[in-house]
Amino acid sequence: MKPTLKEKFRIQSYFDSVKPDLERVDKKMTQQVKAFDPNISGYVEYAVEHSGKRIRPALVLLTARASGSCKEGHLDLAVILELVHLATLVHDDILDNAGIRRGMPTMRAKWGSEISVLLGDCLFAHALKLCTRFDDLHIARMISAASNEVCTGEIIQTQRRFDLQISMDEYLKTIRMKTGALFRVSTELSAYLNGLRDEDLEAFSDFGDQLGTAYQIYDDCLDLLGEEQQIGKTLGTDLVKGKLTLPVLHMLRQLSGEEREKVSENLLQGESGDHFEIVNRVHESGGFSFAVRKAKELLAQADKSLESVESKKEVDVLRNITKAFGAHLGTLG
């Protein structure tokens with residue numbers, strides 16, 4: 001029987017201390033809709049209203065309070081990074097032919113791929129335009145570099161679809177780029193805006209990087225184990241599109257001979273493959289347990305990175321997220 005995970009980790013439950021500021025970010029996001037041409041503002045409004053959990057803005061705000069105080073610049077940073085993230089979601093749903101996100105039709109499902117591609121481009125461009133509001137060019141450079149890193153990671157992942165020779169290190173490098181980059185810049189730049197010393201900036205940077213990478217491993221497991229009604233988005237796209245994630249890579253390493261050939265052929269069939277059989281193989285080989293252990297290692301590193309930072313309530317919140325997330329991961333393995 002296929003193992004399932006019906007309940008997703010509710011990271012939003014840790015955002016209460018910055019809820020008022022998150023509401024301000026939401027208002028700023030809504031205001032940005034008016035900055036677009038009236039002919040496309042309806043698309044932008046739909047995308048913004050259904051963009052989701054606000055994890056990156058929350059990390060910006062929590063880090064702001066953990067490293068000093070939350071200023072107007074932190075709110076602007078949160079908006080910019082959420083727009084970049086939103087652009088990647090629009091493009092991801094096109095690549096994956098996804099029909100549902102946050103329990104609602106995706107942009108692709110509602111208006112087609114052509115409009116969605118262009119809208120994603122427009123959101124990226126608008127986010128980078130907003131970067132010019134900061135007098136400090138370092139901020140714009142870091143956001144631009146992180147955006148480039150995310151797109152590069154997505155290209156590499158697309159290049160390596162159905163590549164049975166991809167290594168676990170290559171997989172981890174790719175997800176650090178496509179997911180870890182925006183988590184990392186959320187925490188590092190937030191601390192930078194408060195003028196922290198270099199060693200503390202490195203600590204917050206490492207925290208974001210490790211948390212983001214662990215979160216992507218978890219999301220990859222959800223794609224295999226989750227149930228769409230509970231998770232609220234189209235699942236099972238990784239196997240259809242030939243994305244070989246950590247649990248699957250581990251499973252392949254455990255097989256040899258005819259058994260490996262049979263499973264490899266199944267994987268290469270993509271949409272027409274027997275996904276039920278593949279998921280069961282992953283489970284039997286310990287693939288999910290392996291992925292959980294790796295994600296927990298990353299979360300432990302994230303937690304440790306903040307040990308040297310002066311203890312404040314929001315530092316504890318950030319560290320508690322890693323601990324609770326790690327405990328929840330135990331339900332996967």
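**Figure 1. Crossing of helices α4 and α7.** The contact (heavy atoms within 4.5 Å) involves L77, I80, L81, V84, T88 and D92 on the α4 side, and I143, S147, V150 and E154 on the α7 side. Helix α4 covers residues 72–95 and helix α7 residues 137–159; they pack at about 15° with axes 12 Å apart. Axes are lines fitted to C-alpha atoms, for helices over the stretch in contact, with angles from 0 to 180 degrees between N-to-C directions. The two helices are therefore roughly parallel (angles under 35 degrees). Helices are DSSP runs (H or I, at least four residues), numbered from the N terminus. The model is predicted: local features need pLDDT of at least 70 and side-chain atom pairs pLDDT 80 or more, while totals for chains, interfaces and linings use all residues. Residues are numbered from 1 along each chain as its sequence is written, and side-chain values use heavy atoms, without hydrogens and water.

**Figure 2. The aromatic pair Y43 and W111.** The whole structure holds eight aromatic pairs (ring centres of Phe, Tyr or Trp, the latter by its six-membered ring, within 6.5 Å; planes under 30 degrees apart are stacked, over 60 edge-to-face, the rest tilted). The ring centres of Y43 and W111 are 4.9 Å apart and the planes stand at 75°, so this pair is edge-to-face. Y43 belongs to helix α2 (residues 41–49) and W111 to helix α5 (residues 107–111), so the pair ties together parts 68 residues apart in sequence. Y43 is partly exposed at 22% relative accessible area, and W111 is partly exposed at 31% (buried is under 20%, exposed over 50%, partly exposed in between; 1.4 Å probe, protein chains only). K110 lies over the face of W111, 5.5 Å from the ring centre (NZ of Lys or CZ of Arg within 6 Å of the centre and within 35 degrees of the ring normal).

**Figure 3. The aromatic pair Y218 and F325.** These rings, Y218 and F325, are edge-to-face, 5.1 Å centre to centre with 80° between the planes. Y218 lies in helix α9 (residues 198–225) and F325 in helix α16 (residues 313–329), so the pair ties together parts 107 residues apart in sequence. Both Y218 and F325 are buried. Ring pairs link F9, Y14, F183, Y215, Y218 and F325 into a cluster.

**Figure 4. Positive phi at R54.** R54 is not a glycine, yet its phi is positive, about 60°. R54 sits in the loop between α2 and α3 (55–66) and is buried, with a relative accessible area of 12%.

How values were computed
Parallel < 35°, antiparallel > 145°, perpendicular 65-115°, else oblique.
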